[in-house]
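Open the model in your viewer and keep the selection tool at hand. The tour moves stop by stop.

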Amino acid sequence: MEESKSSLNKDSKGIKIARILSKTRIVVFLLAILFPILLFLLFDWVFPLKPFNKDYSTTIAASDGQLLHAFLTNDDKWRLKADLTEITPDLKKTIVFKEDKYFYLHPGVNPLAIGRAMFNNLKKGRRTSGASTITMQLARLLEPAPRTPVVKIKEMFRSLQLEWHLSKDEILQLYFNLLPYGGNIEGVKSASHIYFDEEPEALSLAQVVMLTVIPNDPNQLRPGADNGKLIMWRNHWLNRMKEKNLFPGEMIDDALNEPFTSTRHQMPRKAPHYAYRFRNSVSGKELKSTLNPEFQHKVETLAASYIRRLRSFQIGNLAVLVVNNQTMEVEAYVGSAGFNEDAFQGQVDGITALRSPGSTLKPLLYALAIDDGLITPKTLVTDVPQNFAGYRPENYDETYRGKVSIEQALALSLNVPAVELLDRFGTDRFKNSMSNVGFKWVSANKKKLGLSIILGGCGTTLEELTALYAAFANEGLFKPLKYTKNGDVSVADTLCSPGAAFMITGILTQLRRPDLPNQYQKAANLPEIAWKTGTSYGKRDGWAIGYNRNYTIGIWTGNFPGNGVPELNGAEFAVPLLFNIFNSLQPGQQTNWFAPPADLVYRLVCSETGLPPDTFCHNIIMDYALPGISPSMRCNHMENQFVNESQTLSYCRTCLPKKGYREVLYPHLTPQLIAWYNEMQVPYKAVPRHNPECPSVKTSNAPLITSLTDGAEYLLFRNRKQQLMLACNAENGVSKVYWYLNDKFYKSGKPDEKVFFNPNSGNYKISCSDDRGRNSNIWIRVSFI
């Protein structure tokens, strides 16, 4: 019994010892596993991965991802970054098969490959094979150093770190982006563009294999160095892949038979002005632009062809901007006819260059005036010479038309009606409206600008004007232009009402206008668009901006140095290109034209004023109007006058006799229009002279002195006996005016008669009184030089 108990105790102790030993083995085993991991984590913390300091080429991509433009890196390398989506499965399979079959299985270092390499190298007594994994090669590309045992150990550690911090796909992406391809070419995307003129995802299998072969010896295997050797290695690896059934046999046979011609292609250099403008916003990255590659190519081609005609007239350059009205994305951007044309300053960006807008701002003024209740399309205004405090605008053709409607004034781009309307609307309000829709130079120079702003007396850019006209296409809603796909969402601002925008569009669509080029007068292929032209003072800039539902296109023509050309005007030199581009981008007529908005009504008006008709109105026409805003007063183109039976005298209620008079309708004409009628000998029904025995003294509607400017100083040459002219505008019915110099009577004459006097040096008070006792005064100063 005792022996049996002793035996049991020994067995129990043995089991306990075995259990302890088993646990110890487990602990030792776990420590053997965990210790290297903990040690690696410690070293990873002490010696972290260095930041990836390889900068990539800045690239500009089209809206569909196509590469448009690329720039060298700071170290003068072509190193284009390929996204994971651009690294195709064929590229991955090929590089893994060739360089590292166990890439997806090892943690960055392949122990079996290291053992095999050591055995072979010791056996042969020299280095016959390597054990570098793709991750180890990447570590060497990231931190180049001479190949020594210490450096090799460091590469292995870095490889473990890379695998710890990055996914396999991220490692492959970084590896493909840093592979050397000879010279200053790095990365598979750079090589595919330069050697094959293709995007990586468009490469054939033969080209893919070439791109995996070249990095083994970039200087010898790059295309153009030894093409025979390159093709030999390409076919070698294709046959290896065929043996392993890596790709279908027919696919590999096609790749083996694919011819190869060594041609180094230029990196894409499309849309250069756009690229140089926005490159700094994404330094070292890709900018996804809004440019439509098809549109960009078409517009560049049309511009390059069209500039030959312009240069025969000494007009050296042009610029084009195409905007999608629905998205406000810029789909074509041509800053000049030729970026590399140094003789024509081709690198200047005509889209951002500050230029005089000519008459292109007039639609904005007319739209604002419509919303302000000043005008409608049929409203009549006067087109006659006028003096606006010393500013005397003239029409482009140096002629005047008397009474014109607003739609005629805008369609004919008349200057005097526009200046008069701006004077009524207010220059400060107009400048504020321009500032609100992005006119930067105007916003910064408001205090310097006056009435001449409406005729181009300010600085604007093609992109500002194109965005302005796109607002008319968007029912008066202004939105900033969008240049990048990932740009911030812009806030819209109201430029004018939908009704005002529709009326302006209707006027700008008319074909009976002087800015329709001669060759298009009877053409059948006119695009269905609304458009406006402009020509700056001195014939330095020719503009044409047009729009329909879908697109707004802005054209500038001229010379970047600013020299004028006598023949230059927007109608003959910008409009043809505008029509060509619209016909090219949207062939055929568009059916979705603008429809009248809900805030618009159609009403009857008198053709003599554009106002609702009175009983004496006989010529009635239709006109658009904004309810509650557009002018609603009755037509006043005729007014009743008391005259004697022979209609030789007129009376007012003060001097009206008890009998021997009657009421007669006479045209209600402004003094400026009467003066122009008299000068041009245009017949009109004049009110008889007023009763000379009338005792009343009138104060309103005094004669307006037009020949001299109140507060101005006139510099005259001494000893030349120069004279100053006295002229005025008087209302209908005035038959005589009286001139006074410093309150002393000088001379009398008819209202349209021009009177001259010889001034002395000093200050003058000029007074003009009419035969009804109404008087006006101005003060001037005369100096001699």
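**Stop 1: a threonine side chain**

Select threonine 290: a polar atom of its side chain lies 2.6 Å from the backbone oxygen of valine 330. The backbone oxygen of lysine 482 lies 3.3 Å from a polar atom of the threonine 290 side chain. Polar contacts here are pairs of N or O atoms within 3.5 Å; within protein, one atom must be able to donate a hydrogen and the other to accept it, and residues adjacent in sequence count only if both atoms are side-chain atoms.

This is a predicted model: local features need pLDDT of at least 70, side-chain atom pairs count only at pLDDT 80 or more, and totals for chains, interfaces and linings use all residues. Residues are numbered from 1 along each chain as its sequence is written, and side-chain values use heavy atoms, with hydrogens and water left out.

Is threonine 290 buried or exposed? Threonine 290 counts as buried, at 1% relative accessibility. (Buried means under 20% relative accessible area, exposed over 50%, partly exposed in between, with a 1.4 Å probe and protein chains only.) Threonine 290 sits in the loop between strand E5 (286–288) and helix H13 (293–311). Helices (H or I, at least four residues) and strands (E, at least two) are DSSP runs, numbered from the N terminus.

Now show its contacts (heavy atoms within 4.5 Å). Leaving out residues up to four places away in sequence, threonine 290 touches residues including Ser63, Tyr274, Glu329, Val330 and Lys482.

**Stop 2: the five-stranded sheet**

Select the open sheet with strand order E7-E6-E14-E13-E12; its pairing is antiparallel. Two strands pair if DSSP finds at least two bridges between them. Which strands are at the edges? Strand E7 (330–334) and strand E12 (530–535) are, each pairing on one side only. Neighbouring strands are turned by 10 degrees against each other on average, direction ignored.

Go to strand E6 (317–324): four bridges join E6 to E7. Leucine 321 stands opposite tyrosine 333 in E7.

Helix H22 lies across E6, E12, strand E13 (541–547) and strand E14 (551–558), and runs at about 145 degrees to E14. Axes are lines fitted to C-alpha atoms, for helices over the stretch in contact, and angles run from 0 to 180 degrees between N-to-C directions.

**Stop 3: two nonpolar cores**

A nonpolar core is a set of buried Ala, Val, Leu, Ile, Met, Phe, Trp, Tyr and Cys residues joined through side-chain atoms within 4.5 Å. The largest has 82 residues; Tyr274, Leu361, Tyr366, Phe430, Ile454 and Phe472 have the most contacts inside it. Helix H19 (462–473) gives the most to this core, with nine residues. Centre on phenylalanine 430: among the residues it touches, not counting those up to four places away in sequence, are Leu361, Leu422, Phe425 and Ile454. A second, separate core of 51 residues includes Leu166, Leu178, Ala191 and Tyr195.

**Stop 4: positive phi**

Most residues other than glycine have a negative phi. Select alanine 389, whose phi is near 55 degrees. Alanine 389 is in the loop between strand E8 (380–383) and strand E9 (402–405), and is exposed at 72% relative accessible area. Then select lysine 721, with a positive phi of about 55 degrees. Lysine 721 is in the loop between strand E21 (713–716) and strand E22 (724–726), and is exposed at 77%.
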